[in-house]
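Today I am opening my notebook on a new model.

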Amino acid sequence: MPTSSVAAFVAAVPKVELHLHLIGSASLETVLALARRHPGRGVPTEPDALRRFYAFTDFGHFLRVYHRVNRLVTTGADVVTLLEGLAAELARRAVRYAEVQVTPVRNRMAGIPYADLAAALADGRALARERHGVELGWVFDADTTLGPAGAEETVDFAIGHRPEGTVGIGLGGPEGGVRRADFAPAFRRAIAEGLHSVPHAGETVGPEEVWAAVTELRAERIGHGIGSAADPRLLEHLAERGITLEVCPVSNLRTGAVEDIAAHPLPRLVAAGVPVTLATDDPGMFHTDLEAEYLVCHEAFGMSVAELADIARAGARAAFCSPELRAELLAGIDRAEAAHA
Ligand code: ADE
Ligand code: ZN
């Protein structure tokens, strides 16, 4: 099938985005406007310089840049602006449902009181639905650099404020030298309150920490999880339990988590029967969007429309959305596939 026809399918098929960070979703224009308002905070105020600022030498460098941008988002109104831009972009890409990772402790450190953050998320969610027809869910993620105490504070926010649309608890930040098990008490408390467990694991480290995410954090889905490919027994376990990996190929390239796209383990994960959903992670910083992620799978891994439709179905099944929306998504995927047969 010619690529243009695949691109038409990818554009039309109703999609979900299950791994996307609020701060990392900000467009270049939005970040430039914020940087000009806070000129002393180490983020470039001109487009070319900002593009160069977003060329990452490795994963640690990416996280340092990410935190500088985080420090520009200082009010509830800024959060609503980010969500408005995000919802418009999702609607452009036929994304009907997205789960957004928000790091409340980092937002608090940047100056946003928790009550303001909760109110901004409520306003942004309503606006996304009313103006763009996009449903948003929240995953509140702890940052490993803030340790178990930061994770407890994250859970306090999630269950204390519980903005409408709250679906999960996450864990992001650096992975090297971090034991996921140390975060188990905070995750247990969140799970007991009905939150889903969706930590990052195996983005830049091997399968041991994916095992820890599954056994210690009771992960139902895993952010990235590409390190799993080195352990056939883990792949079998993920496949048997239906634990979905939220795979972000362009992110992995831009942060240096994989050296080149040909070496990306996504095809091996799919071949092992592991449910895989595609996501953008930090699209504003990685110059990507969800259509581009699907097209990478076609162009670099040779995936057909039928295989891309299966990826879209895996996302709809793994989403913590309403059963009605899931059924609508699955029916829409069938229709889009049939139209391009
Ligand atoms: N925070 C934002 N993006 C992240 C990523 N890709 N991994 C871990 N933490 C993050
Ligand atoms: Zn992430």
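First I noted what a cavity is: on a 1 Å grid over the protein atoms alone, a set of points where a 1.4 Å probe fits but cannot get out. A molecule sits in one if more than half of its atoms lie within 2 Å of its grid points. With that in hand, I found ligand 1 in the largest cavity.

This is a predicted model, where local features need pLDDT of at least 70, side-chain atom pairs count only at pLDDT 80 or more, and totals for chains, interfaces and linings use all residues. Residues are numbered from 1 along each chain as its sequence is written, chains are lettered from A and ligands numbered from 1 in the order in which they are written, and side-chain values use heavy atoms, with hydrogens and water left out.

Next I looked up the residues around ligand 1 (a heavy atom within 4 Å); among them are His21, Phe59, Tyr66 and His200. Helix H4 (residues 59-70) gives the largest share of this shell, four residues.

Then I checked polar contacts (N or O atoms within 3.5 Å). Nitrogen atoms of ligand 1 lie 2.7 Å from a polar side-chain atom of Glu203, 2.6 Å from one of Asp281 and 2.8 Å from one of Asp282. Ligand 1 alone exposes 260 Å², and the protein buries 96% of that (Shrake-Rupley method, 1.4 Å probe).

Key:
A polar contact is a pair of N or O atoms within 3.5 Å; within protein, one must be able to donate a hydrogen and the other to accept it, and residues adjacent in sequence count only if both atoms are side-chain atoms. On a 1 Å grid over the protein atoms alone, a cavity is a set of points where a 1.4 Å probe fits but cannot get out, and a pocket is an open set with protein on both sides within 12 Å along at least five of seven lines; lining residues have an atom within 4 Å of a point. Helices (H or I, at least four residues) and strands (E, at least two) are DSSP runs, numbered from the N terminus.
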